[in-house]
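Have a look at the sequence and the structure first, then read on.

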Amino acid sequence: MSKLLLPKLSHWLRWGLVAVIQLLLISLPLADRLWLQFNGREITLATTPIDPRDLLRGDYVIINLELTNLPVSLPGGSSDFQRGSEIYVELEVDADGIARAKRVDRQLPKGASLVLAGKVSRVLADTIRIDYGLDTFFVPEGTGKAIEQLPRDRVQLVAVVDAQGNAMPLRLLIDGKPFDSDLSF
Amino acid sequence: MFDVFYKSRLKQDLEVWVGQGWVSPDGAAQILKSQEEQDGGSKLPMAIASIGVLCLALALAAFIAANWGAIPKTLKLTSIAVGILLSNAVAAWASSRGREMVSDLATGFATLVFVGGLSLVGQIFHLPTDWAGGALLITFGALAAAWATASRSSLLIAIVAAATWNIYRGDLSSSLATLFSFVLLAAMLLHVTRYPNRLNRAAAIALLLITYGSWASQYTWQGHFTLNTPEVIFGFASLAMVMLQTGPLAELVVKWSGYYPQKTLGRWLLLRNLQDVGMAMLVIALVLIQTFIGTPSQSLALADFGLPVIFIPMILATLSCIVGLVLSFQTRKSLLLFATAALLYLAITVPLIVTVPVLSAALALTAAIAVSLLGTLYRNTQWTLSGYAGVTCILLWLLHETVGSLLGQAAFFLIAGLLLLIMALASARHFRKRRATTTAEKGAAA
């Protein structure tokens, strides 16, 4: 075989380089998520799950967060948000430990202790629909349907969120208890 | 299927060559024997191994998708890393012993494990579905493996991933992303020329069409222009013109410049495949323009010609045709090729600009006939069949649509039929004369 790019490297070095590149590419999203997990703060969110399947990653539950549809009447809310634009939702934790929307902003609010960043996916006359990247939760094969059939008030999502509002799902709570104990590192 | 055509053609040619005394009967027998021996039997174990590797990769993908809780995810991630390292090590070992096919299979498997690793990370951290982002990461990993190790199997994975990225990139439709998609395409095409492989050539040509289609679709995504069917067909036809003419034009440029680069097999095969696909696309565009959108209300607005996605291939197609025609003035065969290409392009363009159905129909029919004749001249079965298919479709359309009145249509077919018969007679006479002259010259020389 011709060796156009790496003419002087041995076989072991060439394939070693490929392995390093592939492992580095896998570690990019891995490192990003690990950093968020270890530096973020846990919050609990109310949900309405449904259950489809991803070709490569298996069964998952679509998490329809209560925070996905926010009324435009919320402080800072407006029906002139553009589709695809960034939106920051300031949260406050209620007496049941559930994080609820307090106000919305177009920029990261200064001094806010708990903020969730998202993108506006749709604007209706009285509602803003927001995508936080928190809507997919992968579960062991065959368990998604059972979760989907539970009443919505029994299922909650624990997410971890950093100071910039970036968030990732961490665990599902069924009746306040973790659905699977081995979902976080 | 194409091997069957080739072998049948080879047998016919060998008969002629033996008859002419260019190839000895023993030599012809050796060539045919060699062809029989290359029937693919020796490649059978590798073909079975390829399917086996694919099954292993699918097993891994299904295992990851099952999300089996009994194995801790740290162990799953470690297994993926070990899988990548081990597969690449096997590939390096096989390559060092000259077993290139085994090495390629192992490299391809390593790349599939790498894809599995990305899926696993996405599953563990519940990453939202992002086909474009995932496909781009896979493209980088697979392309790195393809170039660093000359792996054909990894290139195939890279091409599929790049095609997926092009299809799903949607809102990432900046000019920079479009430019990057063409850089990726160039990397794939270059690999195919350097390390020839039939499947990869077909995949790379498909990627070329997908990349262009993705670029064209950006105009609907961005909202400031909306490309309709006529524009898309014309754009693809312009691209097909470039594909058809690149090979012959390169040969002419080489001939006239006196610079003779090394003519590699991979480059020649790719140019040849581009030519064949380009010709088929042009005939399809010709039929589509005539049958579906050759109506006055659907003609192309002048402003649409200014869109980069239309303008750039149009300029490239026109320039390559003009340069080809000029450079081939002493080479009758390639002159006919460029003239046919020009006629095809004209027949595709005219219905978009003016609405004279008789002119459009006459041009389309002439162009389709010219393609089938060119196929005969170049002894290219695919071109001939494309031309016949084009003629059939256009004739059926003309019968269905009726150009003008029925009397006008009768006159149209009468003139077309007479012209073709006169052409056939003239060309038969011309070839008879040429054969007679050649025989006389041979007799004089003897």
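## A threonine and its neighbours

You'll find Thr107(B) in helix H5 (residues 100–124) of chain B. Helices here are DSSP runs of H or I with at least four residues, strands are runs of E with at least two, and both are numbered from the N terminus. Is Thr107(B) buried or exposed? Thr107(B) is buried, because its relative accessible area is 0%. The cut-offs go like this: buried means under 20% relative accessible area, exposed means over 50%, and partly exposed is in between, using a 1.4 Å probe and protein chains only.

A quick word on ground rules: this is a predicted model, where local features need pLDDT of at least 70 and side-chain atom pairs count only at pLDDT 80 or more, while totals for chains, interfaces and linings use all residues. Residues are numbered from 1 along each chain as its sequence is written, chains are lettered from A and ligands numbered from 1 in the order in which they are written, and side-chain values use heavy atoms, with hydrogens and water left out.

## Where the two chains meet

How many residues of chain A are in contact with chain B? There are 44 residues of chain A in contact with 51 residues of chain B. The size of an interface is often given as the accessible area lost when the parts come together. Here the buried area (the accessible area, with a 1.4 Å probe, that two parts lose on being put together, summed over both) is about 4,300 Å². Carbon and sulfur atoms give 69% of that area. Across the interface the rule finds five residue pairs in polar contact, both residues being at pLDDT 80 or more. A polar contact is a pair of N or O atoms within 3.5 Å; within protein, one must be able to donate a hydrogen and the other to accept it, and residues adjacent in sequence count only if both atoms are side-chain atoms.

Which parts of chain A do the touching? Helix H1 (11–39), strand S3 (58–65), strand S9 (136–138) and strand S11 (167–174) of chain A each supply at least two residues of the side that touches chain B. The largest share of that side, 17 residues, comes from H1(A). By class, the side of chain A that touches chain B has 28 nonpolar, eight polar and eight charged residues. In this sorting, Ala, Val, Leu, Ile, Met, Phe, Trp, Tyr, Cys and Pro are nonpolar, Asp, Glu, Lys and Arg are charged, and the others, Gly among them, are polar.

## Charged pairs

Side chains of opposite charge can pair when their charged atoms come close. Over all chains, the count comes to seven.

| Salt bridge | N to O distance |
|---|---|
| Glu66(A) and Arg100(A) | 2.4 Å |
| Arg100(A) and Asp94(A) | 2.8 Å |
| Asp105(A) and Arg103(A) | 4.0 Å |

Salt bridges that share partners join Glu66(A), Asp94(A) and Arg100(A) into one network. Glu66(A) is partly exposed at 35% relative accessible area, Arg100(A) is partly exposed at 28%, and Asp94(A) is partly exposed at 26%.

## Chain B up close

Chain B has 16 helices and zero strands. Buried residues make up 43% of its 446 residues. Among contacts in chain B between residues at least 6 apart in sequence, 72% join residues at least 24 apart.

Now for some backbone angles. Most residues other than glycine have a negative phi. Ala150(B), though not a glycine, has a positive phi of about 60°. Ala150(B) sits in the loop between helix H6 (131–149) and helix H7 (152–168) of chain B, and counts as buried at 1% relative accessibility. Arg379(B) has a positive phi too, near 55°. Arg379(B) lies in the loop between helix H14 (357–377) and helix H15 (381–401) of chain B, and is partly exposed, with a relative accessible area of 45%.

Terms used: Contact means heavy atoms within 4.5 Å. A salt bridge is a side-chain nitrogen of Lys or Arg within 4 Å of a carboxyl oxygen of Asp or Glu.
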